Amino acid sequence: MATKEPEHEHRDDEEAPAGEDEDTGAQVAPIVRLEEVAVTTGEEDEESILDSKAKLYRFDKDGNQWKERGAGSVKFLKHKETGKVRLVMRQSKTLKICANHLIIPTMSVQEHAGNDKSCVWHARDFADGELKDELFCIRFASVENCKNFMEMFQEVAESQQKEENEDAKATAGLLDKLTVEEKKTEDKSGEDVPASKDAGKTVTEPASADGEKESKPASSA
């Protein structure tokens, strides 16, 4: 007598799901095509001469207290053409600018009282899109990093003073040169044209038949 195969075996084969890694060959076109966009930071013409991790604070005059501006990377960026140096600090996660100002000769930095890992300075800051007088305090993870920051800050300020002096000398020299050239031009334009030897003389014509003489100005020719 013939035996029948279990029907459940056929059902198991039919109901077995396809493998997850099976390649169906279907190609799905992207709904939106994204084009590559060049991102500029505004720092392309500058070179970094200091880059250190720190936490920045600003002094709130109204509340008479320090308020945190952000934690991230503080940099000194020197412009490749002008030689100007600015301090820029961005928050580590959002990259939002929390400090952005030039370092000028009149600036000075000093250690924050009671904390040798922190230092303070005044600046005309442009981080919020407008110039504001700010009192900043920055705190580093180590005393060494704080000292390096302060030394570089003072060195940059002194170098900017030298550059300003050189620019002033160059400008003064250019003004002196222009003044001398203008004086020479005025002297040349003020010189009198030499008079002709015969200028102002009269020529006596031969006596006419009736014995009278006529005097005429000499020709300049």
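A contact here means a pair of residues with heavy atoms within 4.5 Å. On that basis, 47% of the contacts in the protein chain between residues at least 6 apart in sequence join residues at least 24 apart. The model examined is a predicted one. Its protein chain comprises two helices and nine strands, and from the N terminus on these elements follow the order α-β-β-β-β-β-β-β-α-β-β. Of the 221 residues in the protein chain, 22% are buried. The chain exposes about 17500 Å², with carbon and sulfur atoms supplying 49% of that area.

Side chains of opposite charge can pair when their charged atoms come close. The structure holds eight salt bridges, among them one between Glu 134 and Arg 58, whose closest N and O atoms are 3.1 Å apart. This pair links distant parts of the chain, as Glu 134 lies in strand S7 (residues 132–139) and Arg 58 in strand S1 (residues 46–60), 76 residues apart. Glu 134 is buried, at a relative accessible area of 6%, whereas Arg 58 is partly exposed, at 22%.

A salt bridge also joins Asp 60 to Lys 67, with 3.2 Å between the closest N and O atoms. Here Asp 60 is buried, its relative accessible area being 11%, while Lys 67 is partly exposed at 37%.

Arg 124 and Asp 133 form a further salt bridge through their side chains, at 3.4 Å from N to O. Arg 124 is partly exposed, with a relative accessible area of 46%; Asp 133 counts as exposed, because its relative accessibility is 52% and the cut-off for exposed is over 50%. Finally, a network of salt bridges links Glu 43, Lys 75 and Arg 90.

Definitions and conventions: Residues numbered from 1 in each chain as written. Predicted model: local features only at pLDDT ≥ 70, side-chain atom pairs only at ≥ 80, totals over all residues. Heavy atoms only, no water. Helix = DSSP H or I, 4+ residues; strand = E, 2+ residues; numbered from the N terminus. Buried < 20%, exposed > 50% of the residue type's maximum accessible area, 1.4 Å probe, protein only. Areas by Shrake-Rupley, 256 points an atom, 1.4 Å probe, with all protein chains shown as cover. Salt bridge = Lys/Arg side-chain N within 4 Å of Asp/Glu carboxyl O.
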